[in-house]
Amino acid sequence: MKLLRMNRYLGNPCKVIVGLRTYQSLKEVLNNPEFRQVAGLIDDLSINYYFDDWSGRIKSSDLPQGMRLRPLSLLFMRRKNPCSTLYGGISILSDGTVTLCGCRDINGDSELVLGNIRDNSLMELYKSPHAATIRKNWLNGSKVPEICQKCRHYHPYAYNMLKEIRNKPNL
């Protein structure tokens, strides 16, 4: 509250957005006297009733009462475009394992693993034949990696980005 009040006092130089993950309805949240104080000092509010299942690691029974697993999106069901994470989500895990998706491949045990940073440079791994095959297979519709098939966080590459990818297959 001190931070929010100071922001208001200074003329709101920072835009403040509060994101809630709750089982309560928006009406219930807004009727909470403590939250009303916060609501009067913020710029925007988002509310989320869903949890991700982290590629099957989380079950409905693991969630608090009233919360739900995020449904698979219709975009994912169609999944004609590769996931944007294959091009911008490369991650280095604590043991040096490099994976195309640090968002879901948190154990570094999927087919998205490219190698280890101790053995090859990040650029070599990013542009490796293995990475190119994964991207190409999704792009031509022949194979979507298993870990991706269970993912509820799929974000397809935009069409204009796909044209660039098709013209530069080493990306």
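What share of the contacts in the chain with a separation of 6 or more comes from residues 24 or more positions apart? Those residues account for 55% of them, where contact means heavy atoms within 4.5 Å.

Before you click, note that this is a predicted model, in which local features need pLDDT of at least 70 and side-chain atom pairs count only at pLDDT 80 or more, while totals for chains, interfaces and linings use all residues. Residues are numbered from 1 along each chain as its sequence is written, and side-chain values use heavy atoms, with hydrogens and water left out.

**The whole chain.** Switch to cartoon view: the chain has 9 helices and 7 strands. Both are DSSP runs numbered from the N terminus, helices being H or I with at least four residues and strands E with at least two. Of the 171 residues, 31% are buried (under 20% relative accessible area; exposed is over 50%, partly exposed in between, with a 1.4 Å probe and protein chains only).

**The largest core.** Now select L86, L100, L112, L114, W138 and C148, the residues with the most contacts inside the largest nonpolar core, which has 18 residues. Such a core is a set of buried Ala, Val, Leu, Ile, Met, Phe, Trp, Tyr and Cys residues joined through side-chain atoms within 4.5 Å. Color α5 (85–88), α6 (122–126), α7 (129–139) and α8 (146–149) too, as these elements each give two or more residues to this core. The most come from α7, with 3 residues. Center on L112: leaving aside neighbours within four places in sequence, its contacts include L86, L100, I134 and C148.

**Another core.** Next, pick L4, V16, F35 and L41, which are among the 8 residues of a second, separate core.

**A loop stop.** Go to D53, in the loop between β3 (50–51) and β4 (68–69). Is D53 buried or exposed? It counts as buried because its relative accessibility is 7%. Beyond its neighbours within four places in sequence, D53 is in contact with I58, L69, K150 and R152.

Select C14 and C83. C14 is partly exposed, at 46% relative accessible area, whereas C83 is buried, at 9%.

**Last stop.** Finish at Y9 in helix α1 (residues 2–9). At 69% relative accessibility, Y9 counts as exposed.
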